[in-house]
Amino acid sequence: MKTVTTVAEVRAEVRAWRAQGLTVGLVPTMGFLHEGHKSLMTAAKAGNDRVVVSIFVNPMQFGPTEDLASYPRDLKHDEALCESAGVDLIFHPEPEELYPEGFVSFVDMNGLTKELCGKSRPIHFRGVCTVCNKLFNIVKPDRAYFGEKDAQQLAVIRRMVADLNMDLEIVGCPIVREADGLAKSSRNIYLTAEEREQALVLSKAVKLAAKLFADGERNAHVIIDAMTKLIETMPLAEIDYVQIVDSLTIEPVDVIERDALAALAVRFGKARLIDNVTLKV
Ligand code: AMP
């Protein structure tokens, strides 16, 4: 396994693989890797001859008051995890490598980004789409792997790839959780012991939504209310949103008649955590 920092080095590696007729899978990440990221690498390894992991804390997807400066980083740990997953190449560029002076081009979307995380993070998905487009152009993968944990991101990327005829397959991978249910996240490191305990309510709220839906509830507002009440029992929880949206359009629904996403974002101190479940009709 190799770690490289420049676009030219990635292109040289991938070109050599292509010359041998090998397929390539890409796993884009922001590093501080955990088992959730590893599950993406394992899927990429199973589906491709070679796997590239990008580790880049993308400044463009952070708002001015967000945690860009304090976002956790640990390249040594990340390299060991990638190695153990059989990754072939890590791309770990500096911001200047991807956004050199004079950079002015962006990929923006006119839908799917107004609700959920897009509401409180208005520039977030423009940053995500732009960097993913760049990574797709740099690596030219056959497949790219994204977690269902960031369900809106997955929907946005799928839409972008379809709309702009990008020549790769997007593969979604299930949420990996801690033993007690908390969705694994690089940001869980921000939690104090007390916050960590109370943050369990997120996976419980998501489970509650799934249970109500399985029992036949189709009124989205009834499910949202039940989730909200449960989260509000935790004094340290500050709700950003609890929403039910159409899985494809990411527009709010009143009655669940097509596959929908019950999703939430809640702050505990410094950490803003997300979780979701797909309600399959
Ligand atoms: P991040 O480094 O947080 O930007 O995440 C990189 C990729 O890993 C994204 O596609 C995430 O959806 C995915 N991911 C993060 N946490 C998890 C998890 N707990 N389970 C599955 N995928 C995850």
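**The ligand and its surroundings**

Sorted by class, the shell around the ligand consists of eight nonpolar, six polar and three charged residues. The model is a predicted one.

**Residues around the ligand**

- There are 17 residues around the ligand, and those that come nearest are H37, G147, D150, V176 and K184.
- Three elements, β2 (24-29), α2 (35-47) and β5 (143-147), each contribute at least two residues to the shell around the ligand.
- With three residues, α2 gives the most to this shell.

- The side chain of H37 has a polar atom that lies 2.9 Å from an oxygen atom of the ligand.
- In M30, a backbone N or O atom lies 2.9 Å from an oxygen atom of the ligand.
- For G147, a polar backbone atom is 2.9 Å from an oxygen atom of the ligand.
- The ligand taken alone exposes 480 Å², and the protein buries 94% of that area.
- The largest cavity is the space taken by the ligand.

- N48 is located in the loop between α2 and β3 (50-55).
- The side chain of N48 makes polar contacts with two side chains: that of R143, at 2.5 Å, and that of Y145, at 2.8 Å.

- Most residues other than glycine have a negative phi.
- L112 is in the loop between α4 (95-98) and α5 (117-120).
- Is L112 buried or exposed? L112 has a relative accessibility of 11%, so it counts as buried.
- The loop between β7 (237-246) and β8 (260-268) is where I250 is found.
- I250 has a relative accessible area of 1% and is therefore buried.

Conventions: Residues numbered from 1 in each chain as written. Predicted model: local features only at pLDDT ≥ 70, side-chain atom pairs only at ≥ 80, totals over all residues. Heavy atoms only, no water. Near = heavy atom within 4 Å. Polar contact = N/O pair within 3.5 Å; in protein donor to acceptor, adjacent residues only side chain to side chain. Areas by Shrake-Rupley, 256 points an atom, 1.4 Å probe, with all protein chains shown as cover. 1 Å grid on protein atoms, 1.4 Å probe; cavity = no way out; pocket = protein on both sides within 12 Å on 5 of 7 lines; lining within 4 Å. Sits in = over half its atoms within 2 Å of the grid points. Helix = DSSP H or I, 4+ residues; strand = E, 2+ residues; numbered from the N terminus. Nonpolar A, V, L, I, M, F, W, Y, C, P; charged D, E, K, R; others polar. Buried < 20%, exposed > 50% of the residue type's maximum accessible area, 1.4 Å probe, protein only.
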